[in-house]
Amino acid sequence: MPDDLLRYRAEFPILERTTYLISNSLGAMPRGVYDALHAYADIWATRGVRAWEERWMDLSIDVGNEIGVLMNAEKNSVSVHQNVTTCQAVVASCFDFSGPRNKVVYSDMNFPSVMYFWEAQRAVGARVHMVKTDDGITVPTERLLDAIDEQTLLVPISHVIFRSSYINDSRAIIEKAHRVGAYVVLDTFQSLGSVPVDVQALNTDFACGGVLKWLCGGPGTGYLYVRPDLAPKLQPRITGWFAHQSPFTFEIGPTKYTDSPFRFMNGTTHIPSLEAARPGLKIIREVGVERIRERSKHQTARLIALAEKHGWQVNTPRDPEKRGGTASINLPDAPEVCRELLQRDVLVDYRPQAGVRMSPHFYNTDDEIDRAIATVDEILRERTVAAQ
Ligand SMILES: Cc1ncc(COP(=O)(O)O)c(C=O)c1O
């Protein structure tokens, strides 16, 4: 491993105590978060309400731009929210589902939380078309493209699938959607910080995700990119005083929408999570997604090769160009094995139809990959002996 990546290990205290392979769920906490949250408390304690003007009002714009840089978003095109589900709700609230163009198309490999949200929009006229997939790993692009037609309004899809780490062909999906006049909401939660994302090159209409996984930013901050030429045409119905051109004049009546990212926000912002997000974002910017991606391809390949050597089922694409940062490995008694791994300080998770998800990040060593696999092997052997 090149030393320049190795040196970042010291920034993440949990790496001293565990084999941390769970960045697809919760990235390791950077040491800098202690200081960031201490500074937050200090400002609150000493500056009181003046903190809003002196720091907190601009914070969401700044953090939005810090996230935006990582996806080549135009300046001031990213707003911050609490989570992805809220981001997609804000997008939905910009559209009308009562007319003939009311179809919402996605695959059954999307993250369930957003499916629950879109299913609930049937009550306001949305026609949800969920494309069925076959193998639990990939999304048949042609089938998805065929479902996107002249009646399609929105296509909310994951860039990288949370179960299998398959990389959707988002370019083809966006091109087809645009050809028929539909909009794409690209969920980049499992890609940004792990797989390169360029919202301008993709020409996506919306992109959303959160910072707590690959961006090491902790829970509480989601982000929403809106294409700058589209943004002024949209008026979210989920809105509030922060979206108003002059919130502090406390005008009554409808929102006069501002043109800044606040246009897509609503009420008072979640300052502590925004502060906590910054150290991780800074490190990811410094390390660079290209280097992260190289390391990730190498280490997920190592995991897959070792799993195959043991005869375990791999539910992740073998082609590194079609694979994100996770190797999903199905094991006998996978939920129990996963619990035992956590006991032994190998941090991973288990997801139904996926198996145990192992997700190395730029701070992991090859030795840790080998140790995790050796620990799985040890647990399985112990279970076999215990069963005899
Ligand atoms: C692709 C994807 N989308 C969304 C979510 C979560 O959505 P939310 O931020 O609303 O909790 C996850 C995982 O937590 C995910 O992997």
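Helices (H or I, at least four residues) and strands (E, at least two) are DSSP runs, numbered from the N terminus. This is a predicted model, in which local features need pLDDT of at least 70, side-chain atom pairs count only at pLDDT 80 or more, and totals for chains, interfaces and linings use all residues. Residues are numbered from 1 along each chain as its sequence is written, and side-chain values use heavy atoms, with hydrogens and water left out.

Q: How many helices and strands are there in the chain?
A: By that definition of DSSP runs, the chain has 12 helices and 13 strands.

Q: Why is the chain called as compact as a globular protein of that length?
A: The globule rule is 2.2 Å times the number of residues to the power 0.38, and the radius of gyration is taken over C-alpha atoms. For 388 residues the rule gives 21 Å, and the chain has a radius of gyration of 22 Å, close to that value, so the chain is as compact as a globular protein of that length.

Q: Where does histidine 159 lie?
A: Histidine 159 is in the loop between strand S5 (152-158) and helix H7 (170-179).

Q: What makes histidine 159 count as buried?
A: Buried means under 20% relative accessible area, exposed over 50%, and partly exposed in between, with a 1.4 Å probe and protein chains only. Histidine 159 has 5% relative accessibility, and therefore counts as buried.

Q: Which residues does histidine 159 touch, not counting residues up to four places away in sequence?
A: With contact meaning heavy atoms within 4.5 Å, the residues that histidine 159 touches include Tyr166, Leu186, Asp187 and Pro196.

Q: What share of the 388 residues in the chain do buried residues make up?
A: Buried residues make up 57% of them.
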